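This report describes a structure with two chains, taking one chain at a time. Please keep the sequence and the model in view while reading.

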Amino acid sequence: MKRNVTLMGTLIAGLVASCFAGYVVKAQGAPRQVEITAKRFAYAPGEITLKKGQPVVLVIKSEDVAHGLRFRELNLNAKVDKGGSAQLSFTPDRTGDFVGHCSVFCGSGHGAMTLTLHVVE
Amino acid sequence: MRLPAGVIVAAFAAALTGCKASPPGKIETATVTFAKHHIFIRNKSQKNPLEPNAATWADGKEAFSHYCVACHGMDGQNTGVPFADHISPPIPSLASDEVQRYSDGQLKEILDNGIWPSGMPGSKGTLSDDELWAIVVFIRHLPPAGSQGIPEMYNH
């Protein structure tokens, strides 16, 4: 009887611990969300600092025509419909400055529409 | 001092003749081509930072389609461009030896700043550096003439 109670206690403790462990892992891995507005011919903010290894979601919202955001070096690309939004989810795995460009032709200043990511330790 | 009316008329006539968009002669073409390749178009030694692979080529084709096609056609060889032969200087096929003899750096220079006094405009700021270098890759590997159809704007 005593042995059964001990076994049951261990099982319950293990179950509770595993639930909390999952919660802790999830809390640590929760991505940071950054909202970006895209409007001819700039992003706001134009520069973002991220931590290496910290998951992030960039939420890009267009305030006028269709736009995009592409980081060639990071192999990331999102296209945003006119007035719509799109997300880029990733975890920076190296430090440095990365310049993203609008990837949907949006007019005469399209080529100068950039956003810089500063990834730090 | 009064100029005779005949001189004034002759001067106007000469000026108007100079404005006529007639095709350049062989000597004029050879001289200007030499000058562009060896004097006016700089940046000969700059290398393309992009790998010339299928993905870059596709990027270049897309960037080219934004407005280059209005004068150069979908294939870069003037297919379907109704005025290609009627302006002076005529629009060259990008597959021609005259264009292909430019280095990658010179092609980028032309894409950035255009060529004066031809109708070729500069695209620096309108297209990104990435897109312009991708267009250089596209120009180096143009599709067969006529294979891409004609620009939509000339379809109506």
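## A helix packed against its neighbour

The buried residues of α6(B) pack against α7 of chain B. A residue counts as buried if 20 or more other C-beta atoms lie within 10 Å of its own, as exposed if 12 or fewer do, and as partly exposed in between, with C-beta atoms placed from the backbone. The buried residues of α6(B) are Asp104(B), Gln106(B), Leu107(B), Lys108(B), Glu109(B), Ile110(B) and Leu111(B). Because seven of its 10 residues are buried, α6(B) is largely enclosed by the rest of the structure. After α6(B) comes Gly114(B), with a positive phi near 75 degrees.

## What the model is

This is a predicted model, in which local features need pLDDT of at least 70 and side-chain atom pairs count only at pLDDT 80 or more, while totals for chains, interfaces and linings use all residues. Residues are numbered from 1 along each chain as its sequence is written, and chains are lettered from A and ligands numbered from 1 in the order in which they are written.

## The two chains

Chain B has seven helices and zero strands, and from the N terminus on its elements run α-α-α-α-α-α-α. Helices (H or I, at least four residues) and strands (E, at least two) are DSSP runs, numbered from the N terminus. Of the 156 residues of chain B, 26% count as buried. Two residues are in contact if their C-beta atoms, placed from the backbone, lie within 7 Å. Among contacts in chain B between residues at least 6 apart in sequence, 73% join residues at least 24 apart.

Chain A has one helix and nine strands, in the order α-β-β-β-β-β-β-β-β-β from the N terminus. Buried residues make up 21% of its 121 residues. For contacts in chain A with a separation of 6 or more, 63% are between residues 24 or more positions apart.

## The nonpolar cores

A nonpolar core is a set of buried Ala, Val, Leu, Ile, Met, Phe, Trp, Tyr and Cys residues joined through C-beta atoms within 7 Å. Which residues of the largest core touch the most other members? Of its 20 residues, these are Phe64(B), Leu132(B), Ala134(B), Ile135(B), Val136(B), Phe138(B) and Ile139(B). The elements that give two or more residues to this core are α3 (54-67), α6 (104-113) and α7 (129-140) of chain B. The largest share, eight residues, comes from α7(B).

Apart from this core lies another, of 13 residues, among them Ile36(A), Ala38(A), Val104(A) and Cys106(A).

## Two crossing helices

The axes of α3(B) and α7(B) come within 7 Å and cross at roughly 105 degrees. Axes here are lines fitted to C-alpha atoms, for helices over the stretch in contact, and angles run from 0 to 180 degrees between N-to-C directions. The two helices, α3(B) and α7(B), are therefore roughly perpendicular to each other. Angles of 65 to 115 degrees count as roughly perpendicular, under 35 as roughly parallel, over 145 as roughly antiparallel and the rest as oblique.

On the α3(B) side, Thr56(B), Trp57(B), Asp59(B), Gly60(B), Lys61(B), Ala63(B) and Phe64(B) meet Glu131(B), Ala134(B), Ile135(B), Val137(B) and Phe138(B) in α7(B). By class, this contact has seven nonpolar, two polar and three charged residues. Ala, Val, Leu, Ile, Met, Phe, Trp, Tyr, Cys and Pro count as nonpolar, Asp, Glu, Lys and Arg as charged, and the others, Gly among them, as polar.

## A helix in the open

Helix α2 of chain B (residues 26-40) has 15 residues and reaches 19 Å from its first C-alpha to its last, close to the 21 Å expected at 1.5 Å a residue. The expected span is 1.5 Å times one less than the number of residues. Is α2(B) in the open or enclosed? The number of its 15 residues that are buried is zero, so α2(B) lies largely in the open.

In the loop between α2 and α3 of chain B lies Asn43(B). Its phi is near 70 degrees, a positive value in a residue other than glycine. Asn43(B) counts as partly exposed because it has 16 C-beta neighbours inside 10 Å.

## Backbone details in chain A

A cis peptide bond joins Arg40(A) and Phe41(A), with omega about -5 degrees. Phe41(A) is in the loop between β1 (32-39) and β2 (42-44) of chain A. The peptide bond from Ala44(A) to Pro45(A) is also cis, with omega near -5 degrees.
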